[in-house]
Structure formats: C-alpha cells, structure tokens
Amino acid sequence: MGSSMGAAPDTSTRGSVVNTSALLSPSSATPGTFTSVPTPSFTSTHVRDRTRKGNAEGSRRTPVRRTPSRRAAAPLATAATAALLLCGPLAAAPAHAADQPGGSTDAVKPPARMSTVGGKRLGRPGTQVDPKPGAPALPKELSGKSWVVADAESGDVLAAHNAHWQLPPASTLKMLFADTLLPKMPKTKTHKVQLSDLDGMGEGSSLVGVKENYTYSVHDLWLGVFLRSGNDAVHVLAAMNGGVPATVKEMQAHAEYLNARDTHVVTPDGYDEKGQVSSAYDLTLFARSGLQKADFREYCSTATAQFPGTFEKDKKGKKTRSSFGIQNTNRLLTGLGVEPYKGIAGVKNGNTTNAGATFTGVAQRGNRVLLVTVMNPQEKEVNEVYKETARLFDWGFKAADSVNPIGTLVRPGAAGANHPSAGGKEDHEHAQASVSTDSGGSGGVWTAVGITGGSLVLLGALAFGVHRRWPLPELVRRRSRD
C-alpha cells in the first residue's frame, strides 16, 4: 500500500497489482545481502473474503465478499492486509475526481485557490521559489503534481509546487497514523491477533505477514508498518487502540492539531477511499512532527529487520518460532534500484492506484536537515518518485542559503494556526518567531549539528520546550561519510 516494498521491481503499479512469492531475508553469509524465503500469507480464507476491494502494489488480487456489516463500516473501516512489495495502502481519490485506473486526478489541474496555511504563496498553483542572485535553478526533470522542499530545523519552505493541492496520500498517511498512536502503546506490549483484528482490509493491500492466533509485540508491529508498509500491522495496532473508527477519529484530530488542514482521514493506512486526501505540505508537517519522537526516528530509518514467523519443530520435536527478513520499502534508504541518498534518515513512501507514487524523506548534509515531499510524478519511469526527491534534496542543499523562504511549516496548536505567514519577509520572520517559542506539540524547531571527517553525525530537536539530541542510525552515519 503506499510503499515500494521489498525486492520486487517498481513496475507498472498504477491500476495493477504486483504479485510476489518471496520475502527478502538477511543472508547469514553476507551482511546486507538477502535471500528469498517463502512469503508469509494468511491461513484464514475468511480474512481474504472480508477485504476491501481495491488495487495496491505488492499483493495478489483476491475475491471480495461484501457483508452488510462491512458495508456499514465504510468508509471508516480500513486497516489493511499487507502484501509485501513495493507499495502501500491505496489512498483515497480526492472528492473532485472520479475513480479511474491509472490515477484518478491525472487530468485535473490544481485549484486556482488553495489553503494559505504557512504563507500566501503556498496557496498559489504552480512552482513557487524566490531565488537570490546566483541561486541554482530548480531541476528541470520534475513531474510531481505537488512537492515541497523545507528546512526541517527552521521550518522555512525553500520552494514548492502546488503545496496545498489535496491529493490521495497512499501509505505516506501512515506517518500520521504513527505520530498519533506511537506515544500510546509501550513497544514491549504484546497482543494475540484475532480474526476480527484483520477484518475489512483492502484487497491488494501490502502485507508484512501478520497471522491470526499469533502473538506480536508492539515493536514487531511498528517494524511491519514502517518497513513493509504492512496494512495488516496497521489494522492490528488500530484494533489495540479501540478499533478503526476510533483510530481514524484520533488521526483526524491530530491532523487538525498540527494545522494540517488539507487532510481528511478515511482509513488509518492510506488505502484508496473516496474523500481521503492530504497534501505535500501536510505530509511534511506529519514527518516533522513524527521525527520529534525517538521511536518514530528508529523505525523509519531502519533498513532491515527480522519479523516473527510461525512455530516450527526442530529435529528433537521442540517447537520454536521462526522469523523472516523484511526490508524497508524506502529505496533511497536501502539503495534498491536507485542509489542510496547520502544522509537519508527516513521517512515514508507510498504507491496506490489513485495516489500514484508518493514519498516524504528527511536527509542531512553538514548542519542542514531538509524535508522533501513529492506526490504523484507524471513521468512513469521506474523509481521516478525517488529520483525526483533526490534531485530536490540536491537542489535544496545547494540553494538553502541563496533563496528567500516562500513560506513556513507552521507549529501545532491554535497559536500556529493564527500565524500562517503571508510569505513576505516581515510576516515570515513573525511566523518563525512564533514557531521558535513553541512549548507545546510535537512539531517544534529542530537544531542540527553535523560533524565531518568520520565523526558521529547528530540530529537534535527542540520540542515541548525540551532540547533533545540523538544519533542517526548506523546506516545513516556510515553513508554520511561516503
């Protein structure tokens, strides 16, 4: 569901389903390499029969048998079965577009007037940038319907294209899901999965391989969400949180608290549903807020992990639980099919029929930390969303000191909403002052310190009035020195 999963190729994900028969697992012989192992699958046909119909990359299409209770639960019930491949939840088509294979909004132009949260220029259609003399030009090879480049520390929006266009988010919506639920459940908590926990997942969803009647820790499930974009893991966590409708309501409330006004949540996983939309601006807010949380940073930057499997008997007849390898679907992190991006530290990708490919990433070069979000590239090359994200990162690191901000990432809460910034210098400075004094919420200002020459690269954050620093994961530290 909204992420390019595993080792499967990024081929023709729009309006089609990619089938897989293998998971990636770390090779015991060579660190960082993978071998194929059998793909985990649901043992219960009841789960397959009760899934929502829709297309998502990385799964096998299965028959759908709708029931009155399932109908009554729509549109809120949606947590997903996750297949393992490259894309994640199917995100909903925007209200103004019809559902059509290949992307429902391809022929739709951005609205003439959009939200001005964060600055007046962010509400204008088209590309917005304010270069100083000598500033590098934006990359020519950009086809995303919407994108944003922002400084994660200051909140400055360096450039944007249709920043507030409401589009289907795919699995990037899982950033909001995680930011909402992560603080509520300790990672050591365990849960035995019931069949009802997996009810209502969308057909074609991406799977990590959760099985009913098996017990998983919250830590296991979050790895399934972030690495495999597993809608089955999303659904189980939602069940532990009181159910899908309650979780959707909490996510919507949290989006409103973050002043993500373009977002309408229908499903917790990003699966395509009518009316489910977000924007490049809002997705960037979700990433910035989530990255204030240590667990969020850990999960979104983890390249590979082991996920609990089934119980098997050894030669002595003793039952032990097996595990299988899973790999992050963020290809700029793993380098699957594209060059890994130097300094990348997350965050989340997605791909569905209506959303196309979506991606939000965070990366650090020296003292600079940038956030880039790209939604639905119209160039249908393999891995295009990652290529365009990398181009915008490259531009942002070069141009950060030679462009005037055209807006800001507002802070959470009512005070943030009251200072959206008009995009001018005076208004921008006013908005940033309000952000830097924030003492509530999870979207506070970042401070970053980069130490070169092979030394440890650190990121830091100021949130809730508390200054915090943390080391990037080993994978990021290693690549930062390349």
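This is a predicted model: local features need pLDDT of at least 70, side-chain atom pairs count only at pLDDT 80 or more; totals for chains, interfaces and linings use all residues.

Analyst: Residues are numbered from 1 along each chain as its sequence is written, and side-chain values use heavy atoms, with hydrogens and water left out.

User: How many helices and strands are there in the protein chain?

Analyst: Helices (H or I, at least four residues) and strands (E, at least two) are DSSP runs, numbered from the N terminus. On that basis the protein chain has 13 helices and 17 strands.

User: What percentage of the residues of the protein chain count as buried?

Analyst: Buried means under 20% relative accessible area, exposed over 50%, and partly exposed in between (1.4 Å probe, protein chains only). The protein chain has 482 residues, and the share of them that counts as buried is 60%.

User: How many residues are in the second, separate core?

Analyst: Ala135, Leu158, Val385 and Phe397 are included in this second core. In total, the number of residues in that separate core is 26.

User: Why is H4 described as largely enclosed by the rest of the structure?

Analyst: The buried residues of H4 include Trp222 and Phe226, both among the residues that touch the most other members of the largest nonpolar core. Just after H4, Ser229 takes a positive phi of about 55 degrees. The helix is described as largely enclosed because its buried residues number ten of the eleven.

User: How many of the residues of helix H7 are buried?

Analyst: Helix H7 spans residues 280-290 and is mostly covered. Its buried residues include Asp282, Phe286 and Arg288. The count of buried residues in H7 is eleven of eleven.

User: Which residue has its backbone nitrogen reached by the side chain of Gln276?

Analyst: Gln276 lies in the loop between helix H6 (244-257) and H7, and this residue is buried, with a relative accessible area of 0%. At 2.5 Å, its side chain reaches the backbone nitrogen of Thr267.

User: Is Asn162 buried or exposed?

Analyst: Asn162 is placed in the loop between strand E5 (156-161) and helix H3 (174-181). Although not a glycine, Asn162 has a positive phi of about 50 degrees. With a relative accessible area of 4%, Asn162 is buried.

User: Is Asn213 buried or exposed?

Analyst: Asn213 also is not a glycine and has a positive phi, of about 70 degrees. Its place is in the loop between strand E6 (190-192) and strand E7 (215-217). At 53% relative accessibility, Asn213 counts as exposed.

User: Which residues does a cis peptide bond join, and what is omega?

Analyst: Val347 is found in strand E10, residues 344-352. The cis peptide bond joins Gly346 and Val347, with omega about 20 degrees.

Definitions and conventions
A nonpolar core is a set of buried Ala, Val, Leu, Ile, Met, Phe, Trp, Tyr and Cys residues joined through side-chain atoms within 4.5 Å. A polar contact is a pair of N or O atoms within 3.5 Å; within protein, one must be able to donate a hydrogen and the other to accept it, and residues adjacent in sequence count only if both atoms are side-chain atoms.
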